[in-house]
Amino acid sequence: MNKPLALKLTPTTIDEVIGQKHLLGEGKILRNLVNNKRIFSMILYGKPGIGKTTIATAIVKDLGIRYRFLNATMNNKKDFDTVVEEAKLYDGIVLIMDEIHRLNKDKQDLLLPQLESGLITLIGMTTSNPYHKINPAIRSRCQIFELKDLETEDIIEGLKQATKHEDLKGIKIKEEALKYIASLAGSDLRFAYNFLEMAFYSSNDKNITLELLKSINSKPVIISDKDGSGHYDLLSAFQKSIRGSDVDAALHYLARLIEIGDLDSIYRRMSVIAYEDIGVANPDIGPRVMAAIHASELVGLPEARIPLGEIIVEMTLSPKSNTAHLALDKALEDVQTGRCDDIPETIKIHSTTYKYPHDYPNNFVVQQYLPNNLINRTYYIPKDTSPNERMLKQIKEKLDQIKKNNHSE
C-alpha cells in the first residue's frame, strides 16, 4: 500500500510544524513546555487538517517520551485497559486521543483516576468545541488550546516544502499553481498535500499547471463536517449575519451552504430565524419563508438559489424582534421552577362565573387569568422598533391601563 505524501510529511519536531505560531512560536506556551521538558494533559481543538495530530506527535517526539495513540470511537475498552497497564509498567505514558469528544462513560471512568494521579498524561484532539462537547470531568483535568486557521501563506509554505520530497522528484510547479491549491484548501494543509500529490501523478510530464489543477478540482474546500464544529460555525455565521442585518455577509454564507449542497440546513436555519430573530416585528416572514422553501424544493439546485437569495435579502433587511420567544422563556422558567398555582375558578372548564369577552365592548373584559401567585407577572415586553410591534405595544399598554383602572376601583 502506498503511504500518502501527507503522512510522510508529518513533522517529527515542533520546529517543522506549519503555522500555530501563537502556541509554538518563540516564547509561546507549547514551545516553552518542550524546552522545559514538561508536559501536562491538554486538549487541542480546531478544524480538520490544521495540525492537531501533528502537534501532539511532534511534542512527544521532541520530549522523547513513551506514548500511545487511540481513537475514542474506534478503540474499545480493552485497548484502553492495555494503555493503563503499560502506564503502570513504565510509570507513566502519554495517551494521544483523537475524537475525544466521543469518549463514552466506561472509558472515561477508566481514565479519570489515571489522569488524576498523573499516571496518564492526555493529549486529546477534537474538531468540536470542548466547552460544549467534552465531559466536564475530563475537561477540568486538561488545559485547552485552540488551533487557529492556517493562512494562505502557511499553506504555500507547506506546499513548497512538499515539492522537495523525494516522492515528487522532478516536479515543476509555478507560484500561481501553488496559490490555486492554497485557495482551494482553505486552512486544510492535509487537503493541499493530497491534492498536490494527486496532481503530480495525474500529469504526464510532472508539470503541474493551473489548467491541470482546475481539471481535477475547481471547488474550494468548505468545512462542513457535521460531527465537528466547522459545519455549525458556518450555520452560526449565517444566522448571526441575518440577525445583525448584514445582507452581504448573509448572502456570502448562504452561497457557501449552497456550494456544498446543504439545502436541509439552510431550510431549518431559515425557519428558526423567522421566529427567533424576526418574530412579531414582521409576522408575514414565516409564511414567506415556507413559500421560498417550497419553491426551492420544487425547482432544486441550481435554480433554488433564486428564491433562497430573495428571501434571505428580505429576512436580513427585515425589522427584528425576539420579544415573543423571550417572553415564553420566562413563562417556561416559572413553570419549570414550580410557580404553578391552581388555575383561577373563573376560567376552569365548568366555571359558572366566566365572562365571555365577545359579549363586552371591544371584545375585552377584565377578569383573572393568571394563577394567584403570578397575578402581576409580566412576560411580554414589546419593543417599538417596527410598525407591527409598535401596534402590539400600544394595544398592550391600553389593556394594561384598563386592568389597572379596574383594580383601583
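## A walk through the predicted model

Helix 14 and helix 17 are roughly antiparallel to each other, in a structure that is a predicted model. The reasoning rests on an angle: the axes of helix 14 (residues 247-259) and helix 17 (residues 305-317) cross at roughly 150° and come within 9 Å, and angles over 145 degrees count as roughly antiparallel. The crossing of helix 14 and helix 17 is right-handed. On the side of helix 14, the contact is made by Val247, Ala250, Leu251, Leu254 and Ile258, while helix 17 contributes Arg305, Leu308, Gly309, Ile312, Val313, Thr316 and Leu317. Sorted by class, the contact of helix 14 with helix 17 has nine nonpolar residues, two polar ones and one charged one.

Helix 15 (residues 263-278) packs with helix 16 (residues 285-299) at an angle of about 170°, and their axes are 9 Å apart, which makes helix 15 roughly antiparallel to helix 16. Here Tyr267, Met270, Ser271, Ala274, Tyr275 and Ile278 of helix 15 meet Ile285, Gly286, Pro287, Val289, Met290, Ile293, Ser296 and Glu297 of helix 16. The residues in the contact of helix 15 with helix 16 divide into ten nonpolar, three polar and one charged.

Strand 1 (residues 42-45) runs parallel to strand 5 and is joined to it by four bridges; Tyr45, for example, has Glu146 of strand 5 as its bridge partner.

Finally, a single residue deserves a look. Val366 is found in the loop between helix 18 (323-336) and helix 19 (387-408). Is Val366 buried or exposed? Its relative accessible area is 15%, and because buried means under 20%, Val366 counts as buried. If neighbours within four places in sequence are left aside, Val366 is in contact with Lys355, Ile402, Lys403 and Asn406. Val280, by comparison, is 86 residues from Val366 in sequence and 25 Å from it in space, C-alpha to C-alpha.

Terms used. Residues are numbered from 1 along each chain as its sequence is written. This is a predicted model: local features need pLDDT of at least 70, side-chain atom pairs count only at pLDDT 80 or more; totals for chains, interfaces and linings use all residues. Side-chain values use heavy atoms; hydrogens and water are left out. Axes are lines fitted to C-alpha atoms, for helices over the stretch in contact, and angles run from 0 to 180 degrees between N-to-C directions. Helices (H or I, at least four residues) and strands (E, at least two) are DSSP runs, numbered from the N terminus. Angles under 35 degrees count as roughly parallel, over 145 as roughly antiparallel, 65 to 115 as roughly perpendicular and the rest as oblique. A crossing is left-handed if the near helix is turned anticlockwise from the far one by less than a right angle, and right-handed if clockwise. Contact means heavy atoms within 4.5 Å. Ala, Val, Leu, Ile, Met, Phe, Trp, Tyr, Cys and Pro count as nonpolar, Asp, Glu, Lys and Arg as charged, and the others, Gly among them, as polar. Two strands pair if DSSP finds at least two bridges between them. Buried means under 20% relative accessible area, exposed over 50%, partly exposed in between (1.4 Å probe, protein chains only).
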